[in-house]
Amino acid sequence: MKKIYILILAFTSFIMASQTITIQSFATGFSGAVEITHAADSRLFVVQKGGLIKILNSDGTINLAPFLNVSSLISSGGERGLLGLAFHPNYTTNGYFFVNYTNTSGNTVIERYSVNSSNPNLANTTGSILMTIAQPYSNHNGGSIKFGPDGYLYIGMGDGGSGGDPENRAQNINENLGKLLRIDVDTAVSPFYTSPTSNPYIGTTGNDEIWAIGLRNPWKFSFNRSNGDLWIADVGQNNVEEINKVSNPLSAGLNFGWRCYEGTVAYNTTGCASVSTLTMPLAQYTHTGGNCSITGGYIYTGALYPNFLNKYFFADYCVNRIGYVDESSNAITYTPNFSGNNNFTSFGEDVNGELYITNSNTIFKIIDTATASATSFENGGFVMYPNPTKNTFTITNNNGIFTSSVQIFDASGKLLLTAELNQTETNTVDVSNFMNGIYLININAVNGQRYSSKLFVE
């Protein structure tokens with residue numbers, strides 16, 4: 001066994017290659033897709049606004065039978081419908097998942113369902129309602145639900161609709177509209193949730209479920225699965241679309257400013273708190289150039305495209321392109337417009353952290369053509385073990401591919417290690433000086449091919 005000698009071990013800046021972000025059709029035939037998520041396996045679950053959840057397999061095929069059909073329970077059309085899906089962190093053992101929909105009266109419902117014990121591709125048809133939130137208008141229903149790094153379920157609620165939040169609900173702590181709610185769903189007692197004691201209005205004036213206030217219509221929010229940071233895309237009123245970030249550990253009781261401010265621009269400040277007490281957006285953009293409504297996405301944590309690391313991807317419903325916020329500068333960069341007339345409704349993240357986007361009918365992969373030739377370790381015949389590791393890991397080559405070097409990057413895209421590989425022998429890498437976390441491994445072959453995987457150091 002040949003020991004690898006480190007050539008470079010330093011936090012040097014990762015110099016990006018020519019980056020070309022584009023989309024690649026992965027599956028089509030959906031209707032009103034508004035959410036893409038996974039259940040900690042290779043399948044994608046696609047939520048359709050009309051009430052179906054369909055399973056999209058890793059080979060691009062779609063199961064004929066829907067995973068769940070709640071079409072008889074919902075009102076759809078416009079901004080109503082089946083809007084959100086979240087699998088319990090312990091889904092593999094308890095089988096629970098949660099949905100967010102507007103019922104036949106137009107009110108928001110959060111309901112728990114379970115998977116069929118004999119068929120992992122089917123859900124049981126009877127659920128348990130956790131909460132129902134009255135909606136005074138048909139629009140601004142929010143819809144995203146996600147489990148946070150604390151294990152609690154977060155629920156994005158719009159301000160109730162109309163325009164300009166006429167009843168000032170987003171700033172009213174006695175209303176669940178215009179808020180990010182947080183609940184603990186690990187209770188067997190009806191209504192099957194409690195409010196965490198660290199929520200800001202426990203034991204005082206204000207609704208116990210509220211975690212943050214001042215949102216107009218969060219579409220959508222997500223957590224960085226590498227570090228737990230929260231990203232919220234909040235749709236604007238007249239001219240400003242905003243992106244908010246809350247770093248982990250997450251602070252409860254934040255006020256994101258609506259209807260006092262639209263982004264950083266004053267909208268209606270009558271009776272509002274001091275601007276110094278508000279959480280202003282990390283980034284924002286105007287409706288110049290045809291923008292109209294932000295579609296929030298994810299910070300990239302995948303392994304295939306190191307150029308994507310440290311970037312939050314989003315889109316706008318009215319402009320056929322993707323944007324990203326670079327965490328190192330908070331600056332927004334846009335791709336050129338894609339061909340066709342996409343109206344992007346949602347992003348998705350698979351179990352490996354690779355990103356997808358939908359225009360409601362077609363699911364696209366988001367790829368970087370500059371590194372699109374990178375393939376997985378498994379496809380290249382490489383084996384890496386142990387993973388997770390504490391001190392060292394070993395790479396073996398079962399395909400006879402001649403290799404030249406290995407590179408290790410941290411989650412921000414910084415190059416930490418470059419080392420030569422012996423082309424024929426098993427190689428061992430020492431990472432005992434690395435902090436706990438997720439790292440990207442690239443093996444570079446002499447034929448120019450690159451093979452990528454993730455390394456978990458604990």
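In this predicted model, a network of salt bridges links Glu35, Lys146 and Lys220. Side chains of opposite charge can pair when their charged atoms come close. In total, the structure holds ten salt bridges, and a few of the other pairs are worth a visit.

One of them joins Arg43 to Asp41, whose side chains meet with an N to O distance of 2.8 Å. Arg43 counts as buried because its relative accessible area, 12%, falls under 20%. Another pair is made by Glu175 and Arg169, with the closest N and O atoms 2.9 Å apart. Here Arg169 is buried, with a relative accessible area of 15%, whereas Glu175 is partly exposed at 22%.

A further salt bridge connects Glu327 with Lys245, and the closest N and O atoms of this pair are 2.7 Å apart. Lys245 is partly exposed, with 27% relative accessibility.

In soluble globular proteins, nonpolar side chains tend to be buried together. The largest nonpolar core of this model has 34 residues, and Ile53, Phe67, Leu68, Phe97 and Val99 have the most contacts inside it. Several strands supply at least two residues each to this core, among them β5 (44–48), β6 (52–56), β9 (96–102) and β10 (108–116). The largest share, four residues, comes from β8. Apart from this core lies another one, of 23 residues, including Ile21, Phe308, Ala315 and Phe344.

Finally, strand β30 (residues 362–368) is mostly covered, with six of its seven residues buried. Strand β3 (residues 21–28) runs antiparallel to β30 and is joined to it by seven bridges; in one of these pairings, Thr28 has Thr362 as its bridge partner. Strand β29 (residues 355–358) is also antiparallel to β30, through three bridges, and Thr358 is partnered there with Ile363. Together β29 and β30 form a hairpin with three residues between them, and Ser360 in the turn has a positive phi of about 90°.

Note on methods:
Residues numbered from 1 in each chain as written. Predicted model: local features only at pLDDT ≥ 70, side-chain atom pairs only at ≥ 80, totals over all residues. Heavy atoms only, no water. Core = buried A, V, L, I, M, F, W, Y, C linked by side-chain atoms within 4.5 Å. Buried < 20%, exposed > 50% of the residue type's maximum accessible area, 1.4 Å probe, protein only. Pairing = 2+ DSSP bridges. Salt bridge = Lys/Arg side-chain N within 4 Å of Asp/Glu carboxyl O.
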